[in-house]
Amino acid sequence: MQITQILFLIFAAIILGSAFKVVTTKKMIHAAFWLIVTLFGVAALYAMLNAGFMAMVQIVVYVGAIAILFIFAIMLTRKELLDSAAPLNKNWGVAALFGLLSFGGLYTLLRNWEGFSNKASALSTDVDMITELGTALVTPNAYLLPFEVASVLLLAALIGAVYVANEAKSD
Amino acid sequence: MEFWKDPINTIFASLLKSFTSGGMSEILATILIWLIGILLFVTFAMVLDIFLVWIERKVVARFQDRLGPNRIGPFGIFQPFADIVKLLIKEDITPVGADVIMFNLAPIFSMMSVLLLWAIMPFAPLMVGVDLNVGMLYLVAAGSIGTLSVIMAGWASNNKYATMGAFRTVAQMISYEIPMVAAILVITVLAGSMGAVGIVEAQEIPFIFYAPLTFIIFLISAIAELGRSPFDLNEAESEIVAGFHTEYTGMKFGLFYAGELLHSFTFGGFIALLFFGGHRFFGLEELGPIVGALIFIGKALFFYWVIMWVKYTVPRIRIDHMLAFNWKFLTPLAFILLMVTALVGRLFLESNWLVPALFLSNILIAWLTVEYLKSHARKEREKEEALKPSTQMTQH
Amino acid sequence: MIPISWYLILAAALFSIGLFGVLARKNAVAILLGVELMLNAVNINLVTFWRYNAPETVTGQVFAIIVFAVAAAEVAVGLALIISIYRNRNTIVADDLDLMKW
C-alpha cells in the first residue's frame, strides 16, 4: 500500500461517513456541519488530483459561502418540534432501494468501460495551470462565453433571491 | 556560511542525515522532520502571541495617556504570563443545553484559522512554509474557517445574545471579504502572480506607490474582517455583552482573544507583504534570509501598530452604518479601482510611466469619490433642511 | 498509483447517498443538502476525468468551475424560496406543502 493510496482511503472514509451522517442525522444544524466536513474532504481530494485552484475555490465558495447560507437558513426556519421528529419520511425504504440501484447501475456501467483501471499519467511541470486556466476563461475561442453566461446567471440569482426573500416587507 | 545563506534546507539536510544514519527509513524521517519543523514554527507563533499581548496593553495605555502594566518584571514584560496563569485557573463552565462538541471545537477552529495562515507567510524567499501558487486565495479560504468558528461558537452557546452576536459578526465578516478580495485582485494584476513569494519578487518599487487607494481599502476591510474597532460592535461590552464568545470562560476565551491578536499581527504581515515589499528594505535583505525575516517581522509589527492606532482612536460604528458602508461604498469603489488598474496597467505595460500613471489615476479616483460624497452630503442636508419646521433656529 | 476506478466509485457512492437524502428526508433544507452532495459528486467526476484523460487541457476544471457557480446560484434562490414559504405557512416539512394555491 503506497502512502497516496492510504491517504485516499482516509479521505474517502471521511467523505462517505460524513455524507451518510448528513442524510440521517436528526438535528438539522448537525447535518449542516457534517456537510462542511464532507466539503473539506472533497477539497482534500481535489488537492490530491493536482487541482490546487479547485481545492481553494471549493473552500472559499462552498464552505465559506454556501454552507454558511445553509446554517443561516436552518436557523431562520427552525421550529422546536421539528428537530425531535424522525428525520426520514415514510418512503425511506424505497429511497434506499433507489440509492442502491443507482450505485449498482453506475458501477456496472463503469466496469464495462475499458479505461476503468487507468493509472494517472505524470503531469508536465513546465505549464503553469493557473495561467492556463485564466487564459482559457477569457479567450473568445475557449471558454469566454460560458464564463459570461455564468456571471449573468449569478446576477439573476442575486436579484431573484433578494426579491423573493424581501416579500414580507413590501406587503 | 552555508547556514546563513539557506538556513532551513541546511538544518533539514543535517537532521535527515542524522536520522537515516540511525536506521530510520527516509520517508519516515522526512515526515518526522516536517512535523518537528511545524511544531517549532507554531511554537514561535504562540510565543510571539504572548509578546503581542504585552505590546497591546502597553500601546493602549500610551494612547490613553497612562503607563500600562509596569509591576511584573521590567516594564511589565511578564504581565502576559500572569494573564495566562489567571485564565488557566479559572473555572471552565459549559452552559446547560450547549452542544458540547461544537462548544469546545469553536475556539480551536478560531486559532486554527490563524495558524493556517502562517504556512504561506514569506519571511524570506527561502524561509517560507510552503510556496503555494494560489497563496492569496488560501488567505481568503482561511478567513472562511474563521467565519465558521464564529457560527459554531454562537450556536453552541445556547444563548440568544450569543447567537445574535454571531449572526452579526458573520454578516460583517462575509460582507467585508468582498472588498478585500478585490484589493488582493488588484495586487495580483500588478504582480502577475497569486503566490506570496511571486508578489514580493515583483515589488521592485513597493506596490503602495502603484495603488495607494487599494491599500486604504485593504486596511479597512482587514480591520473589519478581524472584528476589531471601529468594527467591533459584535463584542462591544456595553451593547451585547460579549457577542458570540459570551459563554466562554477561562482558557477558551483566552484562545479567542489571543487568536484575535495573532490574527491582527498576521494581517499586519500581509499588508507588509502586499503593499510594502515584504522582506525588502533598500537592499538590506541581500545579507541573508535571517536579516530578511527580521525586516519582515519589523514591518509586520509596524502595521500591527497602525491597526492598533486605528482601534484606539476611532469610535465604534453602528451595524447598519457598517453594512451600508461596505455595500454602497467600499465594494463599488474596489471594483472600479480593479478595472481602472487593469486598464491603465495594460495601456502603460512595460513603460516607465506605469507607476506615475497608476498613482495619478488613484488620486483622480480618490478626488472624484470625495466630490461625489460632498455632493451627496449636500443633497441630504438640503432634504433635512426642507423637512425641519421653519420656526427652529438653525446655524450652519 | 491510484487507478481511476477508485475515484469514480467514490463519486458514484457520494451521488447515491445524495439521492437517498433527496428522496427520503422530510425537511426541505435537508433535501437541498442532498442536492449539494450530488453536485459535489459530479465535480469529483469532472476533475478526475480531467486529471486522468486530458491533463494538458483545462476543460474539466472550467466545467467544474461553472458547476460551482451554478450550485451557488441554485442554493441562494432555493433557500430564499424556503424562507419565504416558512414565513407564509410556518412549516417546511415537504409533505405538508402540498397545495398549489390556498
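These legends go with a set of close-up views of the model above.

**Before you look.** This is a predicted model, so local features need pLDDT of at least 70 and side-chain atom pairs count only at pLDDT 80 or more, while totals for chains, interfaces and linings use all residues. Residues are numbered from 1 along each chain as its sequence is written, with chains lettered from A and ligands numbered from 1 in the order in which they are written.

**View 1. Chain C on its own, a set of helices.** Chain C comes to three helices and zero strands, where helices (H or I, at least four residues) and strands (E, at least two) are DSSP runs, numbered from the N terminus. Going along the sequence gives the pattern α-α-α. The radius of gyration of chain C is 17 Å, well over the 13 Å from the globule rule for 102 residues, so chain C is more spread out than a compact globule. That radius is taken over C-alpha atoms, and the rule is 2.2 Å times the number of residues to the power 0.38. Taken along the principal axes, the C-alpha atoms of chain C fill a box of roughly 55 × 25 × 15 Å. Of the 102 residues in chain C, 53% count as buried; the cut-off is 20 or more other C-beta atoms within 10 Å of the residue's own, with 12 or fewer for exposed, partly exposed in between, and C-beta atoms placed from the backbone. Among contacts in chain C with a separation of 6 or more, residues 24 or more positions apart account for 49%. Two residues are in contact if their C-beta atoms, placed from the backbone, lie within 7 Å.

**View 2. Helices H1 and H2 of chain C, side by side.** H1(C) (residues 4–24) and H2(C) (residues 28–53) pack at about 165 degrees, their axes 7 Å apart. That makes H1(C) roughly antiparallel to H2(C). Axes here are lines fitted to C-alpha atoms, for helices over the stretch in contact, and angles run from 0 to 180 degrees between N-to-C directions. As for the labels, angles under 35 degrees are roughly parallel, over 145 roughly antiparallel, 65 to 115 roughly perpendicular, and the rest oblique. The H1(C)–H2(C) contact divides into 19 nonpolar, six polar and no charged residues.

**View 3. Where chain A meets chain C.** Two pairs of chains touch, and the most contacts are between chains A and C. The contact takes 73 residues from chain A and 62 from chain C. On the chain A side, the elements giving two or more residues include H1 (3–24), H2 (28–48) and H4 (92–111) of chain A. H4(A) brings the largest share of that side, eleven residues. By class, the side of chain A that touches chain C has 55 nonpolar, 15 polar and three charged residues. While you're in chain A, look for A:Phe20 in helix H1. A:Phe20 has 17 C-beta neighbours inside 10 Å and therefore counts as partly exposed.

**View 4. Where chain B meets chain A.** Here 14 residues of chain B are in contact with twelve residues of chain A. H6 (135–156) and H7 (160–191) of chain B each supply at least two residues of the chain B side, and H6(B) brings the largest share, nine residues. The chain B side divides into eleven nonpolar, three polar and no charged residues. Don't look for chain B touching chain C: no contact joins them, and their closest C-alpha atoms lie 15 Å apart.

**View 5. Helices H3 and H11 inside chain B.** Chain B has 14 helices and zero strands. With a radius of gyration of 24 Å, close to the 21 Å that the globule rule gives for 396 residues, chain B is as compact as a globular protein of that length. H3(B) (residues 26–63) and H11(B) (residues 250–275) pack at about 95 degrees with axes 9 Å apart, and are therefore roughly perpendicular to each other. Residues making this contact include B:Ala45 and B:Leu52 of H3(B), and B:Leu261 and B:Phe265 of H11(B). The contact divides into seven nonpolar, no polar and two charged residues. B:Leu48 also sits in H3 of chain B, and its 17 C-beta neighbours inside 10 Å make it partly exposed.

Definitions and conventions: Ala, Val, Leu, Ile, Met, Phe, Trp, Tyr, Cys and Pro count as nonpolar, Asp, Glu, Lys and Arg as charged, and the others, Gly among them, as polar.
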